[in-house]
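Have the structure open and follow along.

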Amino acid sequence: MDKIILKRGREESLRRFHPWVFSGAIAEISGHPSEGDIVGVFASDGSFLAYGHYQIGSIAVRVLSFDGDVLKDDFYEKMISRALEERKAVCLDGSESTTCYRLVHGEGDNLPGLIIDYYDGVCVMQAHSVGMFRAKKQIAEALRKVYGDRLKAVYDKSSGTAPFKAGLDLVDGYLYKAEGFSSDEMTVLENGCKFLVNWTEGQKTGFFLDQRENRAAVRKYASSRNVLNLFCYTGGFSIYALSGGAVHVDSVDSSRKAMDMVDRNVALNGFDPSMHTSYCEDAIDFLRNVPDGKYDLIIVDPPAFAKHRGALNNALRAYQRLNASAISKVAPGGLVFTFSCSQVVDKEAFALAVFSAAAQTGRSVRILDRMNQPADHAVNIYHPEGEYLKGLLLYVE
């Protein structure tokens, strides 16, 4: 096996179980590893540290194990079984009211570079590393062993996530289908709400499972309110608001496919069509033209404004402008649910951007709650970078 030998003193993060080896920490590469190969990582004194997937870039190795488990044939079966047991522990797998969840959350489940979302028997995987992409057939087989007859299909949707410069055959498709299964879309339950999920045409794996608990919070506060859901995608927050007794909900997104799915989800849940309006428009422009006080609950859930540190300052300014607009528009006594899913924007920076936005409006604003990602999007305690979703619930006088 090829070896990665670290510079003196650069092994400390691995001894604290951080799952990344940065290229700047490497003193020597013994052998000629190809991207995606499993390599051994060693300290400068020759002591073993970890095994992981080698890759080209600033993160040179994503650690899979600090012992020899990754070299065993049942490695993926063992790791996926552990992930499933955790979902059972937090009352997700087997729940009658929720039939979808994240099964594997990268570093949070000690499988860096791998995402698997579960939709009532269908597993949709995304590889973010060459190593995980090359292991996709092993992963699919492990899923078959772990779920048994419950598994209907495994779909690989890595074309938008795996490194495109690695020369991989990035074509999405099924790795497994049970006999008789033929659909690319299904209805799932989340806290009793029904949602159509299309994993072949939808964004990410088909649905944004990380907002499950925050959607439930919207349902809690939606009664008798006029609600605006910006960047709504397929209407997750909108359905919860309607189920919570909202007077009316307006959903806004620039994607026509997403808006069509919103309307289908409204009908699927049996709501009166007059209680909901879809707008296929740019959410920022829509908010700018909203009359003051029209809405007394506004949800601001934009896509990631910063995907790397070089875009951080521009992202913070964008969050400030967007939140200033929402805070200025919401009715007196209204609520604003605001979020950032940018990993490089930490909780403190996001809160400061929202504070600056509130100060800009001159209105009295209080923080009622701080929100984050749910238990199935677990954060490895040794990898705090995995805490990417943050949100604030604001009360605006």
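Is Leu151 buried or exposed? Leu151 counts as buried because its relative accessibility is 2%, where buried means under 20% relative accessible area, exposed means over 50% and partly exposed is in between (1.4 Å probe, protein chains only). A quick word on the ground rules: this is a predicted model, in which local features need pLDDT of at least 70 and side-chain atom pairs count only at pLDDT 80 or more, while totals for chains, interfaces and linings use all residues. Residues are numbered from 1 along each chain as its sequence is written, and side-chain values use heavy atoms, with hydrogens and water left out.

Back to Leu151, which sits in the loop between helix H4 (136-147) and strand E10 (153-156); helices (H or I, at least four residues) and strands (E, at least two) are DSSP runs, numbered from the N terminus. Leaving out residues up to four places away in sequence, Leu151 touches Gly121, Cys123, Leu143, Arg144, Tyr176 and Ala178, a contact being heavy atoms within 4.5 Å.

Now for strand E8 (residues 114-119): six of its six residues are buried, so the strand is largely enclosed by the rest of the structure. Leu114, Ile116 and Tyr118 point one way, and Ile115, Asp117 and Tyr119 the other way. In a regular strand, side chains alternate between the two faces of the sheet.

| Partner of E8 | Bridges | Example pair |
|---|---|---|
| E9 (residues 122-127) | six bridges | Met125 with Ile116 |

E8 and E9 make a hairpin with two residues between them, and Asp120 in that turn has a positive phi of about 45°.

Tyr119 turns up again in the largest nonpolar core, which has 38 residues; Tyr119, Trp199, Ile299 and Phe337 have the most contacts inside it. Such a core is a set of buried Ala, Val, Leu, Ile, Met, Phe, Trp, Tyr and Cys residues joined through side-chain atoms within 4.5 Å. Helix H6 (residues 236-243) supplies the largest share of this core, five residues. Another core lies apart from it, with 33 residues, including Tyr76 and Ile139.

And the cysteines? The structure holds zero disulfides, meaning pairs of cysteine sulfur atoms within 2.5 Å. The sulfur of buried Cys193 (3% relative accessible area) is too far for a bond because the closest cysteine sulfur, in Cys100, is 11 Å away. For Cys341, partly exposed at 25%, the closest cysteine sulfur is in Cys232, 15 Å off and too far for a bond.

Technical notes:
Pairing = 2+ DSSP bridges.
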